[in-house]
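Here is a short briefing on a predicted model.

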Amino acid sequence: HKYTMGTVKGQFIYAYIIIEPLDFENNRVSVECKAELESELGHLSTAKIVSDTNLSRHVRQMALHCNLAAVIHVMSIYNKGDPYGSNWLERLRHIKRLKGKVLKELKEEEDSSGMIHDFTGYV
């Protein structure tokens, strides 16, 4: 029988990869996704016939595509101004925000106490 999207409940499940074994060491692989990811993952919804030897590589690649589409979708909801780039870019943005906070706090301390902090001993 056909697998339905709501069989496994979860807040972060945006796509399912469905593998159906066929004859002669072949498999039918397809992706079902939520409506909000249909534009990004629509090309994966058509079933593909994949041999057993290539199945794991193909499914891993599809899973990476689904994960990246879900991350981009979630980031577009919460971060309207900054589009998602990559994990490294997101980490760099976080470091820059943290640096800005620290510099702001140091400036406020300097203005209030009149002293300049010397951190050369920590380097």
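Cys-33 is buried, at a relative accessible area of 13%.

**Cysteines**

- How many disulfides does the rule give? The count comes to zero.
- A disulfide needs two cysteine sulfur atoms within 2.5 Å. The sulfur of Cys-66 is 7.3 Å from that of Cys-33, its closest cysteine sulfur, and is therefore too far away for a bond.
- Is Cys-66 buried or exposed? Cys-66 has 8% relative accessibility, so it counts as buried. The cut-off for buried is under 20% relative accessible area.

**Sheet layout**

- Three strands form an open sheet in the order E1-E2-E3. Their pairing is antiparallel.
- Which strands are at the edges? They are strand E1, residues 15–21, and strand E3, residues 48–51. Each of these edge strands pairs on one side only.
- From one strand to the next, the twist averages 35°.

**The E2 and E3 pairing**

- Strand E2 covers residues 26–33. E2 pairs with E3 in the antiparallel sense, over four bridges.
- Which residue of E3 does Arg-28 face? Arg-28 stands opposite Ile-49.

How values were computed: Residues numbered from 1 in each chain as written. Predicted model: local features only at pLDDT ≥ 70, side-chain atom pairs only at ≥ 80, totals over all residues. Heavy atoms only, no water. Buried < 20%, exposed > 50% of the residue type's maximum accessible area, 1.4 Å probe, protein only. Pairing = 2+ DSSP bridges. Helix = DSSP H or I, 4+ residues; strand = E, 2+ residues; numbered from the N terminus. Axes fitted to C-alpha atoms, helices over the stretch in contact; angles between N-to-C directions.
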